[in-house]
Amino acid sequence: MITDGACLGNPGKGGWAVLLRFGAHKKEIFGCEAHTTNNRMELEAAINGLRMLKERCDVEIVTDSEYVKNGMTLWVANWKKKGWITATKKPVVNRDLWEQLDEQVARHAVRWTWTKGHASNEDNNRADALASLAAREQRSQM
C-alpha cells in the first residue's frame, strides 16, 4: 500500500490518495477535504487505505511522511500511555486521526516503510499526483 497526502496551502484544500496492490491487482482511491493540513491528509490516506481491507492482512505501508511513520512506530505507544500527551506535555495534534489509524493498524500486521517523496518511486509519484488532483478538484473516488 502506497499512501500520500497533499494540501494547497497549509491549511488549505487537501487531498489524500492510496494505491493498493495485491499480486497483479491494483486499486486507486482518493479523497479530499475543503480546509485541512498536509499532516491530516497523510493520516487520512493511511486510515482509508487500511479501511479498504476487509480481512486481516500483512500490509506494508509505504509513505513519504516521516510524521506518519514515526508517529506509528515511535510515538503512539507513549502518547496512549500518557493520555495522549506529548513528551513536551502538550496534547497530541490530530489525536482524532491518530486514534483512528491506531484502531485500523490493530486489525492487521503492518510494516511501515518510508520513501523519499518526489523522487524515483513511481507508485509514490502516482499517489502524490492523485492526492494533488483530489485537493485541486475537491473530488473523491473510493
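Student: How many bridges join β1 to β2, and do these strands run parallel or antiparallel?
Tutor: They run antiparallel, and 8 bridges join them. For pairing, DSSP has to find at least two bridges between two strands. Keep in mind that this is a predicted model: local features need pLDDT of at least 70, side-chain atom pairs count only at pLDDT 80 or more, and totals for chains, interfaces and linings use all residues. Residues are numbered from 1 along each chain as its sequence is written, and side-chain values use heavy atoms, with hydrogens and water left out.

Student: And which residue is the bridge partner of A6 in β2?
Tutor: G15. The labels come from DSSP runs numbered from the N terminus: helices are H or I with at least four residues, strands are E with at least two.

Student: OK, zoom out. What's the strand order in the sheet?
Tutor: β3-β2-β1-β4-β5, an open sheet of 5 strands with mixed pairing. The edges are β3 (25–36) and β5 (109–114); each has a single partner strand, so one side of each has no neighbour in the sheet. On average, neighbouring strands are turned by 20° against each other, direction ignored.

Student: Which strands does α2 touch?
Tutor: α2 packs on the sheet against β4 (58–63) and β5, and its direction makes about 140° with that of β5. Contact here is heavy atoms within 4.5 Å. Axes are lines fitted to C-alpha atoms, for helices over the stretch in contact, and angles run from 0 to 180 degrees between N-to-C directions.

Student: What about α4, which strands does that one touch?
Tutor: Helix α4 (residues 122–137) packs on β1, β2 and β3, with its direction at about 145° to that of β2.

Student: Switching to α1. How many of its residues are buried?
Tutor: 11 of its 14, so it's mostly covered. Buried means under 20% relative accessible area, exposed means over 50%, and partly exposed is in between, using a 1.4 Å probe and protein chains only. The buried residues include R40, E42 and E44, along with M41 and L43.

Student: What's the span of that helix?
Tutor: α1 (residues 38–51) reaches 20 Å from its first C-alpha to its last, close to the 20 Å expected at 1.5 Å a residue. The expected span is 1.5 Å times one less than the number of residues.

Student: Where do W75 and W79 lie?
Tutor: Both are in helix α2, 4 residues apart, about one turn of the helix. An α-helix has 3.6 residues a turn, so residues three or four places apart point the same way. W75 is partly exposed at 33% relative accessibility, while W79 is buried at 9%.

Student: Which pair does W79 form with W98, tilted or edge-to-face?
Tutor: Edge-to-face, at 5.1 Å centre to centre with 70° between the planes. This pair links distant parts of the chain, W79 in helix α2 and W98 in helix α3, 19 residues apart. Ring pairs link Y67, W75, W79, W84 and W98 into a cluster.

Student: Last one: how many helices and strands in the chain?
Tutor: 4 helices and 5 strands, running β-β-β-α-β-α-α-β-α from the N terminus. The radius of gyration is 14 Å, close to the 14 Å the globule rule gives for 142 residues, so the chain is as compact as a globular protein of that length. That radius is taken over C-alpha atoms, and the rule is 2.2 Å times the number of residues to the power 0.38.

Technical notes
Phe/Tyr/Trp six-rings, centres within 6.5 Å; stacked < 30°, edge-to-face > 60°.
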